[in-house]
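Me: I would like to learn how to read side-chain features from a set of coordinates. Could we work through a case together, one feature at a time?

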Amino acid sequence: MNRHLQAIWAIVRKDLHGLLPLIVLAAAVFLVQPLIASVDILALGGDTKFWAMVQANIYWLGYLLGVLLMMSVLQQDPARSLNHDWLTRPINRSYWLAAKLAFLLLTVVAPVVLGRFLINLGEGYGVVGSMAYAVAVERLPAMLAIPLLFAIALLAPTLRKTISLMVMVLLIFLLPAWSVTRPLLNALGIDLASDLDGLMWLQGLPIVVAGVSAALLVYILLYGRRRLGQAYVAFAACILVMFLSAYPPSWMYNWDRAIALHRTIINTPEASFGDSVILEPLHACFPAVNADGESNDQAGALLAQASWPASYLAAAGPDAITLATPIRSRQVLVDWFTPSSRQRPVSVDWRIERLRARAWYSADSLDGSVELVRSPSHDPVASVETDYWMIPGEAVHLVANDPTTRLTLTYDLALLAPEPHELATDGKRRALPGLGSCKAELDHNANVIEVDCLGRGARPALVSAELIGVKSSRVDSAARASYTPGWTDAIGLYQYKLRLAPASLVNAQSILLTAYNAKQVLQKSLVFEGLLGDSQQICPLPHQLSDARMLASEWSDTSAHEVRSVAVEPGVRVEVLDWRAGANEEAPTLMLLPGLGATAHSYDKIAVELAGHYNVVGMTRRGTGDSGKPAHGYDTERLSQDVLQVMDTLAIDTAFLVGHSIAGEELSYLGAHSPERFHGLIYLDAAYDRVGGALDNKQYRALNIQLPPEPPIRPAESTSYQALQRYSERIGRGGRLPPEGEILASYDLGTGTIRHNALYLDAIIASIKAPDYGQISVPTLAIYAVPGSPAALMEAWYDKDDPVLRELVSELYLLDKPHALSQITRFDDEVADSQVLAIENADHWIFVSHEQEILKAMQEFIGEQEWLP
C-alpha cells in the first residue's frame, strides 16, 4: 500500500474506532431496513397499525442515522481546530476529504447496498438486477438535503452548534408559512400558491446545485484557506438561492417559463399532434351558482367541489359567481395491442394531461380582459376535467348584458403516448422495457391484483394498470404525470405499486400494464359567447335558472308495470318490470332484455302495446340500473342463468325471449343451451358476432372518433320529457327518445351523463364470446337496422358541405353496410329455423324509431309458432 492510501486508511481507521457504537447501531438498521420495508403487513397478523408505523418510518430512521454518521465523522476533525491530525501532521486536504468519503462509503453505503441486494435476490431479481437496484438512490428528493447537511457539518464543530444551525435554516424555510410573512412575500412577488406539479424538478435542480455549491465552497474556504467568515457568507448565499428556488418570485420562475422549457425539451420538429387533440364542452351552458349559494343543494355541492378559501370569496365581492367548466378531451391517436389471452387487438388510447388552465372575459364594455381566478380543485389525467372559476361580482355586472361578451378558455396540455405490456398474474417477475422488473399477483381472498414494478434510471411520465378489455378498471401510479428528464433520474430507483379490484370482474389471467411518456406539449383555446357559454336567453344566470326550474314539469315513469326485485344468486338481485296485470293465461309470455347500458325501462312504451296481446316481463341485467352490482358474474353464461332464474322465480316455464343490442349474446346462448325454455327468439338489432365477425375496430374507430359530437343539451331542455323531445327535434332526431322511465333510470338529468358504472359495462363486453348459431334449435326472428345510403349516416348537426366529413361518412358506410349484410347472411345460413328482416335507415334503437314495424313483425312471428300456455 503506497503512502497516500496509508494516510487515508489511517484517518478512516481512527474514525471507525471513535464512532464504533454509532456505526454498529446504524449498520443494524441499514441491514434490516429493506427487510422490514418488504414485509407483507397483513400476513404478520397482530397489531397491523404498529407494523405499518414501523414500515413507514424505518427509512427515515436509517436516513437520520446516516446523516448523524456524516456529521459526526466530519466533526472528528473540525475545521476550527488547531491540534487535530489533519492540521498538526499535516495531512493533505484531499486525503482528509477522501478519508471521510471512504468512511461514509463503508459505514453507510455498503450496509444499505448489502441489505437491499440480499432482499432483491430473495425477490427473484437475479444477481445483476439485484445489484443494479441496490446501488440506485431509493428516494431522490430526500437526497436534496444531503449537500446542505454536509455544509452544515463542515461549518459547525460540535453537535450543539450543528443543531442550532440546522434549526436556523429550518426556520428560514418555514418562515413563509407564518401569516405575518405572507403579505410581505406577496408584495415582493413571491407567490406561495404556485404549484407546478409534475414540473417540480425545475425547482429541485437549482436546490441541488446550490446545496452542492455550499458544500464545496465551505470546504474550500474552511479547510483550504481557513476563512470562516467567507465560508458563512458563501453558505448564506447558497441558502438564499435555495429559498428563492423553493419560493420563486413570479418574474423569475413561473408557468410560462416552465411550460416553454418543457415544450423545448419534449417537442420535436417531426412530431406534430395538435390537430389530433380535440377539446369540447360537456354542456351547452357551464354550471354556475352564486358564490353565496350554500342554501341551495346544487349550489352547495358545486361550491364544496370548488373549495374556495374564505379570502377568495371575500375578494370576489357580492353577486360573485362560481363557474364550473367541464371540458371533454379526446384525440384520434390510438395504439393497438393484441394480448395472448384474446383473439382480437385491444385499443390503448393516448392520454392528455392538463398542465395549466386559464380563463378570461373580454367585451366591448371592458377596458381590457378580466382574468378569472381558478380553484386548485380539479381532476387530473381524465377524459373529462372540471375547473372551477370565480367571476367577481363587479365583472358580472359589467358583462352580463353585453352581447359582445366572450369567455376564453386556454389549456396547456401534454400528450402522453402509451407503451403497453401484457403481464401474467402468476406472481412471477418479468423484465418489461421502460418499467423495470414487474410482477402481478392475484389475491383470490381479497379479490385484488397486486402489481409491483421496480426499476432504475429514466422513468415513465405515468404508469397505469387495467384488466384487459375493461378500460374503466384502470388505476394510475400517480394523480399527476411527471415530466422529469431522464438524465435527472439516472441514479434513481423507482417503484410502482398498483392495485386492481375487483379482480373477479373478468378472467384475469393477465393484465395490461402501460407506461406513458410525454410526446408533445401543446396549447388549445376555446371561445364561447356570453357569460356562461352562450347568450343569457340560452344560458341564464343562476338566479334566472332557478326560476325556470320552478316552472318545469316533473319527470315520472308512467308505464303500467309493477317493479320487482328478484334474487338470482345469493346476495345478487335484479330489477324486474312486470306488465302482466290482468294476465291472459292463453297468451304466451314475452321476456324482454335491454341493450348494454340500458334497463328494462327501455321497453316502457312498446311493452304497453305488447301487453294488450301477451304477458310481458322485462329484466334489467346485473351491473345496471337498480339491479345488483356484484364483483363477478358478467360473462354471457352467468347473465343467461340470471334470465332462467327470474323465469323460475316468476313461474314462467316457457317464453318468447326478446333482446335488444348486446342482449343478443344471451339470446344466442340460451337458444343453444336451454331451447326447451323458449318458444322463439326475437333479436332487435342484436344478432351479431361481436368477436369473429366484428367490424375492423382499428379502421372503424379511427373514422368514427372524427365525427362531430352530438350538440350538448341546454338547461331549459332538461326540465321535462317534452322539453327533451324539443331538444331531439332541434338536433334533427325528430323528437324520437327512449321512454321517459328509461331516461330517468339511465341518465343524470342535471349533467346529461349516463348513470351506470362503466366498470360493469366494460366487464360484459370483455367477456363476450362468439355465438354458436348452429346450436340454436328454436325459431328465431332477427331484425336489423341497416343504413340505406351514406346520407343516412349524416346527422342533422353535421356540416353537409364539408367534403372531408362527407368522405369520412362514405368510408363508414362502406364499412357498415357490407358488415351488416354479411352478418345477416351468416345468421340466416347458420340458424336452422330463422327469419330475418332488414329495415333501412332505422336507428339502433329500432323499436323506438320504427315501433309499428317492429310490433307487426313480432306479432306475425309469434303467431306462426306453435306454443303451449
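Me: Is arginine 351 buried or exposed, and how should I read its accessibility?

Reply: Please keep in mind throughout that this is a predicted model. Arginine 351 has a relative accessibility of 6% and counts as buried, because the cut-off for that class is under 20%.

Me: Which residue forms a salt bridge with arginine 351?

Reply: The general idea is that side chains of opposite charge can pair when their charged atoms come close. In this structure arginine 351 forms a salt bridge with aspartate 476, and the closest N and O atoms are 2.8 Å apart. The pair links distant parts of the chain, since arginine 351 belongs to strand β6 while aspartate 476 belongs to strand β15 (residues 470-476), 125 residues apart. Aspartate 476, at 26% relative accessibility, counts as partly exposed.

Me: Over the face of which residue does arginine 351 lie?

Reply: Arginine 351 lies over the face of tyrosine 516, at 5.2 Å from the ring centre, so this contact passes the distance part of the criterion, which asks for CZ of Arg within 6 Å.

Me: Which other salt bridge links distant parts of the chain?

Reply: Glutamate 280 forms a salt bridge with arginine 328, with 2.9 Å between the closest N and O atoms. Here glutamate 280 sits in strand β1 (residues 277-281) and arginine 328 in strand β3 (residues 321-331), which places the two residues 48 residues apart. Glutamate 280 is buried at a relative accessible area of 8%, whereas arginine 328 is partly exposed at 27%.

Me: What distance separates N and O in the salt bridge of lysine 14 and aspartate 15?

Reply: The side chains of lysine 14 and aspartate 15 meet at 3.0 Å, N to O. Lysine 14 is partly exposed, with a relative accessible area of 26%, while aspartate 15 is buried, with a value of 0%. The count for the model comes to 34 salt bridges, and some of these join into a network that links Asp256, Arg263, Arg356 and Asp412.

Me: How should I read the buried residues of a helix, and which residues of α13 are buried?

Reply: An α-helix has 3.6 residues a turn, so residues three or four places apart point the same way. In α13 the buried residues are Trp255, Ala258, Ile259, His262 and Ile266. They cover an arc of only 90 degrees around the axis, which puts them on the same side of α13. What covers these buried residues includes α11 (201-224), β6 (351-362), β10 (406-424) and β17 (510-529). Helix α13 itself (residues 255-266) has 12 residues and reaches 16 Å from its first C-alpha to its last, close to the 16 Å expected at 1.5 Å a residue.

Me: How many aromatic pairs are there, and how do I read the geometry of one?

Reply: The count comes to 20 aromatic pairs. Tyrosine 494 and tyrosine 496 form a tilted pair, 5.4 Å centre to centre with 45 degrees between the planes, and both tyrosine 494 and tyrosine 496 are buried. The rings of tryptophan 845 and phenylalanine 847 have centres 5.8 Å apart and planes at 35 degrees, so this pair is tilted too. Tryptophan 845 is partly exposed at 24% relative accessibility, whereas phenylalanine 847 is buried at 2%. Ring pairs can also join into a cluster, as they do for Tyr59, Trp60 and Tyr63.

Key. Residues numbered from 1 in each chain as written. Predicted model: local features only at pLDDT ≥ 70, side-chain atom pairs only at ≥ 80, totals over all residues. Heavy atoms only, no water. Helix = DSSP H or I, 4+ residues; strand = E, 2+ residues; numbered from the N terminus. Expected span 1.5 Å × (residues − 1). Buried < 20%, exposed > 50% of the residue type's maximum accessible area, 1.4 Å probe, protein only. Arc of directions from axis to C-beta. Contact = heavy atoms within 4.5 Å. Salt bridge = Lys/Arg side-chain N within 4 Å of Asp/Glu carboxyl O. Phe/Tyr/Trp six-rings, centres within 6.5 Å; stacked < 30°, edge-to-face > 60°. Lys NZ or Arg CZ within 6 Å of the ring centre and 35° of its normal.
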